[in-house]
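Please look over the sequence and the structure below before reading on.

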Amino acid sequence: MTNFENETRLWTIQKLINDVDDINEIKQIKEMLRGKIRSLGSENKYKLIKGDKVVVLGTSQLEEGRIEKVKRTRAIVMVEDRKWDVPLYMLRKVN
């Protein structure tokens, strides 16, 4: 997907969310997003192994490190000289 397509898709999603005026619908959307985040983390668990080079997403800057251990929902990642306990959905493997 191109950057333009991604921005267009996100703009469309934002517009649809802004049109919602029922708090229960907002709560349903929130639960859908939580489910998707859990799903992405579960998929990532089977793609990552000890020693993989990864990028940690979701911080103000991208941090690159190596996986020390993969746990059920998180991984221990060595970034420079620090170990971070990172949710699996926040990791992307670097080739």
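Within the chain, confidence is lowest in helix α1 (residues 3–18), with a mean of 91, and highest in β3, at 96; the score is pLDDT, the predictor's confidence in each residue on a scale from 0 to 100. Helices (H or I, at least four residues) and strands (E, at least two) are DSSP runs, numbered from the N terminus. This is a predicted model, in which local features need pLDDT of at least 70 and side-chain atom pairs count only at pLDDT 80 or more, whereas totals for chains, interfaces and linings use all residues. Residues are numbered from 1 along each chain as its sequence is written, and side-chain values use heavy atoms, with hydrogens and water left out.

**Confidence**

- The average pLDDT of the chain is 91, and 99% of the residues score at least 70.
- Where pLDDT is low, the predicted coordinates should not be read in detail.

**Salt bridges**

- The whole structure, when searched, gives 6 salt bridges, a salt bridge being a side-chain nitrogen of Lys or Arg within 4 Å of a carboxyl oxygen of Asp or Glu.
- One of them joins Lys15 and Asp19, whose closest N and O atoms are 3.7 Å apart.
- Lys15 counts as partly exposed because its relative accessibility is 42%, while Asp19, at 52%, counts as exposed; here buried means under 20% relative accessible area, exposed over 50%, and partly exposed in between (1.4 Å probe, protein chains only).
- Another salt bridge joins the side chains of Lys71 and Asp85, where the closest N and O atoms are 3.2 Å apart.
- Lys71 lies in the loop between β2 (63–70) and β3 (74–79), and Asp85 lies in strand β4 (residues 82–87), so this pair ties together parts that are 14 residues apart in sequence.
- Both partners are partly exposed, Lys71 with a relative accessible area of 28% and Asp85 with one of 36%.
- Through salt bridges that share partners, Lys71, Arg74 and Asp85 are joined into one network.

**Asp52 and its surroundings**

- Asp52 sits in the loop between α2 and β1, and it counts as buried because its relative accessibility is 10%.
- The side chains of Asp52 and Lys93 meet in a salt bridge, at 3.5 Å from N to O.
- This pair links distant parts of the chain, since Lys93 is in strand β5 (residues 91–93) and Asp52 is in the loop between α2 (23–45) and β1 (53–56), 41 residues apart.
- If neighbours within four places in sequence are set aside, Asp52 is in contact (heavy atoms within 4.5 Å) with Lys47, Gly65, Arg66, Ile67 and Lys93.

**Strand pairing**

- Strands β2 and β3 pair in the antiparallel sense over 4 bridges, where two strands pair if DSSP finds at least two bridges between them.
- These two strands, β2 and β3, form a hairpin with 3 residues between them, and Arg66 stands opposite Met78 in β3.
- Strands β3 and β4 also run antiparallel and are joined by 6 bridges, with Val79 standing opposite Arg82 in β4.
- The hairpin formed by β3 and β4 has 2 residues between the strands, and Glu80 in the turn has a positive phi of about 55 degrees.
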